[in-house]
Amino acid sequence: MADLQEIQSQITFLYYREIEPIATFFQEVMGFDLVEDQGWAKIYRIAGDAFLGVVAGERGFHTPQEKNAVLVTLAVEDVSGWYDYLQDKGVKILSEIQHSEDIGVRCFFFEDPGGYAYEVEQFLKPHLSEVFHRTG
């Protein structure tokens, strides 16, 4: 590994039957910045060097599935604020806000218009908060 260059960023691609409703959701509801639009694939910056890509299933490497075994977690400081905001926007909320003492998180789950599940989470343990939350 010493001869390999460091990984510079990360993109997770999600596959949809229709990407326009997802593009609208990502831009207008979630506020993600569109950084690359290839028509049948779009890449959004969600934070720093973390990206989500949406791909039209008929053109991509994979095909959309009826039930996706993917959970996208979004680390935030204000779980309640995000819960209220997404609920006000009519987003399908999958759970109430949960507080898990044993793993030290506060979170809830929602679903995008294409059926992918998301977790909005705040890490409460200081050593994890330093890793997953911006400071300053």
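Student: Leaving aside its neighbours within four places in sequence, which residues is His133 in contact with?

Tutor: Happy to start there, bearing in mind that this is a predicted model. His133 lies in the segment that follows α3. Setting aside residues within four places of it in sequence, the contacts of His133 are Ala75, Val76, Glu77, Glu121, Gln122 and Phe123.

Student: Is His133 buried or exposed?

Tutor: A residue counts as buried when its relative accessible area is under 20%. For His133 that area is 6%, so His133 is buried.

Student: Which side chain does the side chain of His133 join in a polar contact of 3.3 Å?

Tutor: Glu77 is among the residues that His133 touches. Their side chains are joined by a polar contact of 3.3 Å. The partner is Glu77.

Student: How confident is the prediction, and where is confidence lowest?

Tutor: The protein chain has a mean pLDDT of 91, with 97% of its residues at 70 or more. Strand β6 (residues 92-93) has the highest confidence, at 98. The lowest, at a mean of 84, is in helix α3 (residues 126-132).

Student: What pattern does the protein chain follow along the sequence?

Tutor: The chain holds 3 helices and 9 strands. Its C-alpha trace spans about 50 × 45 × 25 Å along the principal axes. Read along the sequence, the pattern is β-α-β-β-β-β-α-β-β-β-β-α.

Student: How many residues of strand β9 are buried?

Tutor: Strand β9 covers residues 117-123 and is mostly covered. In the chain overall, buried residues make up 35% of the 136 residues. For β9 the count is 6 of its 7 residues.

Student: In which sense does strand β8 pair with β9, parallel or antiparallel?

Tutor: β8 (residues 105-111) and β9 are paired over 7 bridges, and Tyr118 in β9 is the bridge partner of Phe110. The two strands form a hairpin with 5 residues between them, and Gly115 in the turn has a positive phi of about 100 degrees. The sense of the pairing is antiparallel.

Student: How many bridges join strand β5 to β9?

Tutor: β5 (residues 71-75) and β9 run parallel. Leu71 stands opposite Ala117 in β9. The number of bridges joining β5 to β9 is 5.

Student: Why are the buried residues of helix α2 on the same side of α2?

Tutor: Helix α2 (residues 79-88) has Val79, Tyr83 and Leu86 as its buried residues. They are on the same side of the helix because the arc they cover around the axis is only 75 degrees. These buried residues pack against α1 (20-29), β6, β8 and β9.

Student: Which residues touch the most other members of the largest nonpolar core?

Tutor: In soluble globular proteins, nonpolar side chains tend to be buried together. Here the largest nonpolar core has 29 residues, and α1 gives the largest share, 5 residues. Those touching the most other members are Tyr16, Phe26, Met30, Phe110 and Tyr118.

Student: Not counting residues up to four places away in sequence, which residues does Tyr16 touch?

Tutor: Tyr16 belongs to that largest nonpolar core, and β1 (10-16) is one of the elements that give two or more residues to the core. Beyond four places in sequence, Tyr16 touches Ile22, Phe26, Val54, Val55, Ala56, Gly57, Pro64, Asp112, Gly114, Tyr116 and Tyr118.

Terms used. Residues are numbered from 1 along each chain as its sequence is written. This is a predicted model: local features need pLDDT of at least 70, side-chain atom pairs count only at pLDDT 80 or more; totals for chains, interfaces and linings use all residues. Side-chain values use heavy atoms; hydrogens and water are left out. pLDDT is the predictor's confidence in each residue, from 0 to 100. Helices (H or I, at least four residues) and strands (E, at least two) are DSSP runs, numbered from the N terminus. Buried means under 20% relative accessible area, exposed over 50%, partly exposed in between (1.4 Å probe, protein chains only). Two strands pair if DSSP finds at least two bridges between them. The arc is that of the directions from the helix axis to the C-beta atoms. Contact means heavy atoms within 4.5 Å. A nonpolar core is a set of buried Ala, Val, Leu, Ile, Met, Phe, Trp, Tyr and Cys residues joined through side-chain atoms within 4.5 Å. A polar contact is a pair of N or O atoms within 3.5 Å; within protein, one must be able to donate a hydrogen and the other to accept it, and residues adjacent in sequence count only if both atoms are side-chain atoms.
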